[in-house]
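Please examine the structure shown below together with its sequence. The paragraphs that follow lead through it step by step.

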Amino acid sequence: MSHSHNHKLPYDETFQCVQCGYCLPACPTYQTMEKETHSPRGRINLVKMAAEGHLTLDELKEPIDLCLGCRACETACPSGVEYGKILEGARDVLASYQERKTSKPMRFAQKVMFQNVFPDSKKLRLAADAIWMYQRTGLQRVAHKGKLTHILPENLWAFEEVLPKVSSPSERRKRPALFHPPTGMAPRFKVAFFKGCIMDAIFEKINRLSMELLALAGCEVIVIPSQTCCGALHAHAGRRDDTMTLAKQNIEAFEKLDVDFIVNNAGGCGAQLVEYHHLFHGDEEWEDRAKALVAKTRDITQVLGQCELPLNKPIPAVVTYQRSCHMTNVQKVTKEPVDLIRQIPGVTFREMANPNMCCGSAGIYNVIHYEESMEVLDVKMGAVKDTQASVIVTTNPGCLLQMKLGVQREGKANEMRAVHLVELLAEACGLADS
Amino acid sequence: MAYSKVDQGILASLRQIIPDPKRLLTDKQDLAGYSYDASFGTYWPEVVIQPKNTEEVAAVIKLANAQKIPVYPRGQSTSLSGGPLPVEGGIVLDLSKMNHKLEVHADDLIAIVSPGVLTAAIHEAAEKVGLMYPPDPSSSAVSTIGGNLAENSGGPLGLKYGVTKDYVLGLEVVTPEGEVIRTGGRTVKNVTGYDLTKLLVGSEGTLGVITEATLQLIPKPPAAATLLAIFDDIVKSGEAISKVLTSGILPAKMEIMDQACIIAVESYEPLGLPVDAEAIILIEVDGHPRAVEEEIREAAEICERIGARQVQIASTAAERANLWKARKMVSPAITRVKPTKISEDATVPRSQIPAMFSRLKQIREKYQVNLVVFGHAGDGNLHPNIVADKRDKEEMQRVEKAVEEIFQAAIELGGTLSGEHGIGNMKAPFMEMELGTAGLDMMKRIKDSWDPNNIMNPGKIFPKPGQKLNLTEE
């Protein structure tokens, strides 16, 4: 055990917790793993004990790793404990401790992923090209038929099967950098679009539809190339320095634009963006510049909610909404998505039981902790099935993939589909085929 | 008495009883999770067991009794008095996973529950059939009924409806020797032999493990209304409370917040409360809609007549929730002042509420502690809360003295150490002060004959020789 690491743990923050336990019912992993170790109160206490030297960092690691980071506990806490800060602080310490212990090739792989791939739109584009080739050439069908994909561990082939059809390279490269409202319509807002990293590679179609929807709703949409990944995945992995580098690049990129809002369509990215100023706490220059970006950041539903959408194609279906944790618990955007769903003609909206519970996706949690994630998903799918919905709406790419996987695991692919809210709205506006 | 340690041999025997490794925890990080509750101190268990049924509980207790290993029943550890703390090591028996049974028999007006069922789930199940399970501890969304039974929990509705013990008709209990017994039954009237049900409820896990309970339900009142009254003089607010209680109205809830509370809430989240007022009281009446309407108006008139500066009445659910918001804000508000919260539940006869307030004020000044008072004024159950910082040793020593004096004041005024939180290990040192030597000895004799090896939740209720209140981490 290394005390030099332990003393960097967020010790003082743990004292805010009075151990009342009100967070327990809100925590998905407490529900599925059924022990205090995997509850918010338990994890806070473990951080405290590790900081005091009663536990080693190795003993702290698993309970922290297995936290989804959904932060539902924060909304249940009567004492206002900032669990997110404690979690991220612990993750930072564990990451730097682990780095020395991780094998060299693994460390290299992580470095490549976090420093080179996620922030690099070109590399992500190439990855998307490869997936497109794979899907397009029929290789995917062959692979499925021969169960070739099953050579991969379950957690990876499970996701491979639910990946959306990615846009073709030419479609993606032809996307304009400026979208205008329909002719004759006075521009309502001028907005910059935050395209994200994975969102713009794998879910490019949803990004494209988002821009078109915003334009259709009367916004002038600007997509600047100098923006980069939001840094959420880095922050969750305890890579604080990388997160700050990315945040600075985004702040610099967007502050050059004179726009009303900076719009994103991914719950996780939005949550990272609205807390950018926390990264620079005490840094006078960057904290203020971060706050300026935060003040303009909006989820797409907040902007669309203020505009009028031509929802002229009815969608006769029962719809339920899987709330993204980061939209609900961090950005606190809960009303707008539901209002938009309800506006679609033909739609019967039915809320699922315990709607605020995490689906288990949580960044790349579902890949790294596949089994634990599937236990959370199974609870979620039980609630979904009870609504008898045929459409599950999400507002975050991770949740979307997870819910697609949920539909598949339940064997309901013929009667149920999972979509991003943007896709459903686009469909109702005649922008896209279903 | 010397206890045995949980060695490899005992672990092997326990594994025979609980073969599922997920329900028998020995990893250090898991044990750490069961070393605390919402009170003070950290005590590590040697093993944590999560039984699923009565047979498993009985087998574990039988083994523990034969091997002389202490056992601590535990719900979800919301306890404020140290109830589930494994102060002597040994086995923590986490009963929160025994949550399979929640039957409502509407025709008999009863519910039959297993101990791990959440209290809020009982509320919900009863309400579905137009009934009500009245005990409503503030922690009901997270606390288990087993924990409520062990600690004899209360809540704001205690004023009109009583506490947990008033709604228990029968129990299934594993005795400290590992036998399964039943007490009471499913009838309201039952006078067969000693009332072991009443003895077991509130015995804090020292006489056995409750594995099933039969609870009485009542018809749910169809309407409710709430008022908020603001007083410039806290003594006047006490008079208003007495006057309402003796006027023929029996409110469902009657809560009070003192000035320090009001200031804390306002600086945390401005709700428009007057920070210069000395107290606010909240009164809720429930029952038949016409009676409710009349009674709330009458209560408002009494408050005004006694000298309330302002009275506000709400009758829709939303308006009522808005008035209760101030009360709900107290906890988050005061922990913003300082992080460590010592929440007491000293209770006095209702006529002594104003006197208790002035004693508390003296204590606050004498020991220079951050003391705020709120609580269930209608039944005399006050919650003097001190906020401090447990890293500050000097401050904590002052707090310890202040708490001791709070208990003294309550007892001198004819009250009691605990209205609803239980004694646990925290208040054990003061038991003799309330019960006297012979009184406490009588209780101890009961304990000794039920549990000759003293394996059931040792260290609770009964003080060790020379035991003092300790609020600092050792």
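In chain A, residues 24 or more positions apart account for 79% of the contacts with a separation of 6 or more, a contact being a pair of heavy atoms within 4.5 Å. This is a predicted model, in which local features need pLDDT of at least 70 and side-chain atom pairs count only at pLDDT 80 or more, while totals for chains, interfaces and linings use all residues. Residues are numbered from 1 along each chain as its sequence is written, chains are lettered from A and ligands numbered from 1 in the order in which they are written, and side-chain values use heavy atoms, with hydrogens and water left out.

Chain A has 26 helices and nine strands; helices (H or I, at least four residues) and strands (E, at least two) are DSSP runs numbered from the N terminus. Of its 434 residues, 58% count as buried. Buried means under 20% relative accessible area, exposed means over 50%, and partly exposed lies in between (1.4 Å probe, protein chains only). Chain A exposes about 18200 Å², of which carbon and sulfur atoms supply 52%; accessible areas come from the Shrake-Rupley method with a 1.4 Å probe, and for residues only the protein chains shown count as cover.

Two positions in chain A may be picked out. Leu57(A) lies in helix 5 (residues 57-65) and is buried, with a relative accessible area of 1%. Ala362(A), in the loop between strand 7 (347-349) and helix 23 (365-368) of chain A, has a positive phi of about 50° although it is not a glycine.

In chain B, which residues of helix 1 are buried? In this helix (residues 8-17), they are Ile10(B), Leu11(B), Leu14(B) and Ile17(B). Seen down the axis of helix 1 of chain B, the buried residues fall within an arc of 110°, so they line one face of the helix; the arc is that of the directions from the helix axis to the C-beta atoms. Their cover includes strand 1 (24-25), strand 2 (47-49), helix 3 (54-67) and strand 4 (91-94) of chain B. The face turned away from the buried side carries the exposed residues Gln8(B) and Gln16(B).

Ser96(B) occupies the loop between strand 4 and strand 5 (102-105) of chain B and is buried, with a relative accessible area of 4%. Its side chain makes a polar contact of 2.7 Å with that of Asp94(B) and another of 2.9 Å with that of Lys97(B). A polar contact is a pair of N or O atoms within 3.5 Å; within protein, one must be able to donate a hydrogen and the other to accept it, and residues adjacent in sequence count only if both atoms are side-chain atoms. Leaving aside neighbours within four places in sequence, the residues in contact with Ser96(B) include Tyr30(A), Arg74(B) and Thr144(B).

Chain B also holds an open sheet of seven strands in the order 15-12-14-13-17-18-16, with antiparallel pairing; two strands pair if DSSP finds at least two bridges between them. Its edge strands are strand 15 (310-314) and strand 16 (340-343), each of which pairs on one side only.
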